[in-house]
Amino acid sequence: MPYWVRQLLEDLRCGHNIRGTVYVEAGAMYRADGDTHRASLGEVEYANGVAAAFASGYYGALRACAGIVGKVDLRHHGAAAEELLQACIARAPDRFRGVRNMAALDSSPEVSQIAVPPIQDLMLDRRFREGFAKLAPLRLSFDSYCYHPQLPQLVDLVDAFPETRIIINHCGARVGQGPYAGRKDEVFAEWKTSIQTLAERPNVFMKIGGLIGRLTGLTFIDQELPPTSNELADAWRPTIETCIEAFGPERCMFESNFLRISPACRLSSCGIHSNALSRTIPTPRRHCSFPALPSTLTDYPSPWERRSEVGVLSTYRRRDKAISGEPTVRKAPDAGLSSSCSTNPATERTRFAESS
């Protein structure tokens, strides 16, 4: 569905100290004309245009799309992918940081949910790897989305390209429905082994989120009322603590996966659950490690060694007191948006239901 700047502002002005966002490819705003295999350049151009509007200061201190992760079909282009990667960089030289190619595929139709599914064993494909080899020389990262049974293939890819920075999306996408339903302990053990193996590779990072859909086996999205942040924290704690224990806070970041999660919870709830879960990390590591992540991941240096001065997605930062009152982001004069957003776990369920 369309999701414009106005809706983005409404969601970001929810009481948390969100200083910026990273745009990750969503198959949107592709060019309607010209070579279809270059159409994804339109998405980079669009995201960079939004970023430029925020960088003007018109919307206050907030910097949306401070980093951009685009889409270049590495398998289609193979070794020729470098030309299109360079074109993406040219269109967003200060913000383009990497690409995502979705490899998520399963034999069960209850699991495979990507509209245009990838080929079988994409990460092992020779031509895909020819394109993948062009990322590291350009100082570009790779966002990986695959289901947990495919994680051993990701290990193989990581070992073949130790100089490429790879970010695992959605906690490694442990599946809990279809043929994996009713095998919770077995599936968790299999997933955990792969996560620990990947964590041994220093060029791999973990993006924590994407845990609310039916794919995970949770049913929050089907409930009449959305879950509270405490319910989310309890349900997600085993997964998140496993990831943080394996990678350390230094190589983890919380992702919102917003707008996809919006049927089940508000962006404010994601921030609250992040705060609640962060308290399980020893205080010295919690305060000195998570805030350092934007300088190593989301501020990944561009091909010209330039770095963004904007930290991004700081919803995981713990504050000493409960977050309440007006957000820190100043409104644009004519935005006309309400900044009220419940951040109290005791009232958030009702407040969300009233606004839905």
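Strands, as the word is used here, are DSSP runs of E with at least two residues, and they are numbered from the N terminus. The model on your screen is a predicted one.

**The whole chain**

Begin with everything shown as a cartoon, where the protein has twelve helices and seven strands. If you colour by accessibility, buried residues make up 51% of the 356 residues. Among contacts in the protein with a separation of 6 or more, 79% are accounted for by residues 24 or more positions apart. A search for disulfides finds zero in the structure.

Is Cys65 buried or exposed? Cys65 has a relative accessible area of 6%, and because the cut-off for buried is under 20%, Cys65 counts as buried. The backbone deserves a look as well, for Cys65 has a positive phi of about 55 degrees although it is not a glycine. Next select Cys146, another buried cysteine, whose relative accessible area is 2%.

Arg31 counts as partly exposed, with a relative accessibility of 34%. Which residues does Arg31 touch, leaving aside those up to four places away in sequence? They are Arg38, Ala39, Leu41, Gly42, Glu45 and Arg91. For a distance to draw in the viewer, take Arg31 and Leu41, which are ten residues apart in sequence and 7.2 Å apart in space from C-alpha to C-alpha.

**H2 against H4**

Keep Leu41 in view and select helix H2 (residues 41-55) together with helix H4 (residues 81-91), which pack at an angle of about 20 degrees with their axes 9 Å apart. The two helices are therefore roughly parallel to each other, and H2 passes H4 in a right-handed crossing. To see what makes the contact, show the side chains of Leu41, Val44, Glu45 and Asn48 on H2 and of Leu84, Ala87, Cys88 and Arg91 on H4. Sorted by class, the residues of this contact of H2 with H4 divide into five nonpolar, one polar and two charged.

**Helix H6 and its cover**

Now select helix H6 (residues 151-160), in which Leu151, Gln153, Leu154, Val155, Leu157 and Val158 are buried. What covers these buried residues of H6? The cover includes helix H5 (126-132), strand E4 (141-145), E5, H7 and strand E6 (204-208).

**H6 against H7**

On the H6 side Leu151, Pro152, Leu154, Val155 and Val158 meet Trp191, Ser194, Ile195, Thr197 and Leu198 in H7. By class, the contact of H6 with H7 has eight nonpolar, two polar and no charged residues.

**H7 against H8**

The contact is made on H7 by Phe188, Trp191, Lys192, Ile195, Gln196, Leu198 and Ala199, and on H8 by Pro238, Thr239, Thr242, Cys243, Ala246 and Phe247. The contact of H7 with H8 has nine nonpolar, three polar and one charged residues.

Phi of His170 is near 55 degrees, a positive value in a residue other than glycine. His170 is buried, with a relative accessible area of 11%.

Technical notes:
Residues are numbered from 1 along each chain as its sequence is written. This is a predicted model: local features need pLDDT of at least 70, side-chain atom pairs count only at pLDDT 80 or more; totals for chains, interfaces and linings use all residues. Side-chain values use heavy atoms; hydrogens and water are left out. A disulfide is a pair of cysteine sulfur atoms within 2.5 Å. Buried means under 20% relative accessible area, exposed over 50%, partly exposed in between (1.4 Å probe, protein chains only). Axes are lines fitted to C-alpha atoms, for helices over the stretch in contact, and angles run from 0 to 180 degrees between N-to-C directions. Helices (H or I, at least four residues) and strands (E, at least two) are DSSP runs, numbered from the N terminus. Angles under 35 degrees count as roughly parallel, over 145 as roughly antiparallel, 65 to 115 as roughly perpendicular and the rest as oblique. A crossing is left-handed if the near helix is turned anticlockwise from the far one by less than a right angle, and right-handed if clockwise. Contact means heavy atoms within 4.5 Å. Ala, Val, Leu, Ile, Met, Phe, Trp, Tyr, Cys and Pro count as nonpolar, Asp, Glu, Lys and Arg as charged, and the others, Gly among them, as polar.
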